[in-house]
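I opened this model to look up its strands, helices and cores. My notes follow the display.

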Amino acid sequence: MRFRHSPQVWSTFPELTCGVLHATGITPDVDVTPRLARYADTARARLAGGTEGGFPEIQAWRRAFARAGSPPTRYRCAAESLLRRFRREGTLPRLHPLVDLGNALSLGYAVPVAVLDLARISGDLTVRPALGTEVYRTLGGDEEHPEPDELIFADAAGRAHSRRWTHRQSGASAVRAETAEVLVVIEAMHDDGPRVVPRMLAELAAALAADWAAPTRTAVLTAGAPDFVVSERTGAAAAGR
């Protein structure tokens, strides 16, 4: 299995910084509560100075969405949605320790983070324009068909695992109690992305090593090195071409 972006994505969004992490040995019985407060405190301090719509990280994604043809205040990246909810409610729901950690990381850095269950993805996973024939399953179990040309996370079986590049997982590949192997995708559009994304990867990898003793491998993808390869036979991650 490979994760990649289509050449069209790289040519249209040259400012993209994408970090990927593969991990095995994930279990639902880890307590990540002590790690969450730091990211929440960071978000709370930033929001005290103004709403998330003024953050450069969010403004950059809004510009990208507008370029992709998605109204940026109708469809929001996952980081903006989390920040809006946190600003209104003062907390985020607890779902699964790894998802909670990914959400907290996204909240603290205002950068979207997607965590996907690899056992539920068929073949390669590509960020690309939709054909309109793909199937997206909502968290509630309903099926949708992405509109032609909207940007999706598409696998080889024609399933969309995120719509409109919002980084919200589908019900098909959302992390569950039985999830053992994951792919985490961290993407930034703002000027500081090349510095921030590797830092986020390092923090997440350190937490996985400390709390799960989980083997991990990470990479930052570019237009010149666009692939992250996962061995289908062993599940071991390796850097692609």
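**Entry 1: Phe3 and its strands**

I began with Phe3, whose bridge partner in strand 11 is Phe228. The model is predicted, so I kept its limits in view: local features need pLDDT of at least 70, side-chain atom pairs count only at pLDDT 80 or more, and totals for chains, interfaces and linings use all residues. Residues are numbered from 1 along each chain as its sequence is written, and side-chain values use heavy atoms, with hydrogens and water left out.

Helices (H or I, at least four residues) and strands (E, at least two) are DSSP runs, numbered from the N terminus. Two strands pair if DSSP finds at least two bridges between them.

I checked strand 1 (residues 2-5) against strand 11 (residues 228-230) and found 2 bridges, with the strands antiparallel. Strand 1 also pairs with strand 4 (residues 125-129), here in the parallel sense, over 3 bridges. In strand 4, Leu125 stands opposite Phe3.

Next I listed contacts, meaning heavy atoms within 4.5 Å. Leaving aside neighbours within four places in sequence, Phe3 is in contact with Cys18, Val20, Leu125, Val127, Phe153, Leu183, Val185, Leu221, Pro226, Asp227 and Phe228.

**Entry 2: Cores**

Which residues touch the most other members of the largest nonpolar core? I found Phe3, Trp165 and Val185, in a core of 42 residues. Helix 3 (residues 56-68) gives the largest share of this core, 5 residues. There is a second, separate core of 31 residues, and I noted Leu101, Met200, Ala205 and Trp212 among them.

For the record, a nonpolar core is a set of buried Ala, Val, Leu, Ile, Met, Phe, Trp, Tyr and Cys residues joined through side-chain atoms within 4.5 Å. Buried means under 20% relative accessible area, exposed over 50%, and partly exposed in between (1.4 Å probe, protein chains only). In soluble globular proteins, nonpolar side chains tend to be buried together.

I traced an open sheet of 4 strands in the order 3-9-2-10, with antiparallel pairing. Its edge strands are strand 3 (113-117) and strand 10 (216-221), and each pairs on one side only. Direction ignored, neighbouring strands of this sheet are turned by 15° against each other on average.

Strand 3 is joined to strand 9 (residues 181-188) by 5 bridges, and the two run antiparallel. I looked up Val113 and found Ile186 of strand 9 opposite.

Two helices came up here. Helix 5 packs on the sheet and touches strand 3 and strand 9; its direction makes about 165° with that of strand 3. Helix 6 (residues 193-212) also packs on the sheet, touching strand 2 (17-24), strand 3, strand 9 and strand 10, and its direction makes about 10° with that of strand 2. Axes are lines fitted to C-alpha atoms, for helices over the stretch in contact, and angles run from 0 to 180 degrees between N-to-C directions.

Not counting residues up to four places away in sequence, Thr17 touches Ile186, Glu187, Ala188, Gly193, Pro194, Val197 and Val220.

**Entry 3: Helix 4 against helix 5**

At what angle do helix 4 (residues 78-89) and helix 5 (residues 97-109) pack? I read about 85°, with the axes 9 Å apart. The two helices are therefore roughly perpendicular to each other; that label covers 65 to 115 degrees, with under 35 roughly parallel, over 145 roughly antiparallel and the rest oblique.

On the helix 4 side I noted Ala79, Leu82, Leu83 and Phe86, which meet Asn103, Ser106 and Leu107 in helix 5. By class, this contact has 5 nonpolar, 2 polar and no charged residues. Ala, Val, Leu, Ile, Met, Phe, Trp, Tyr, Cys and Pro count as nonpolar, Asp, Glu, Lys and Arg as charged, and the others, Gly among them, as polar.

I then took Asn103 by itself. Asn103 counts as buried at 16% relative accessibility. Beyond four places in sequence, Asn103 is in contact with Leu82, Leu92 and Leu95.

Arg94 sits in the loop between helix 4 and helix 5. Arg94 is partly exposed, with a relative accessible area of 47%. Leaving aside neighbours within four places in sequence, I found Arg94 in contact with Asp31, Val32, Thr33, Leu36 and Asp100.

Last, I looked up Ala37 in helix 2 (residues 33-47). Ala37 is partly exposed, at 41% relative accessible area.
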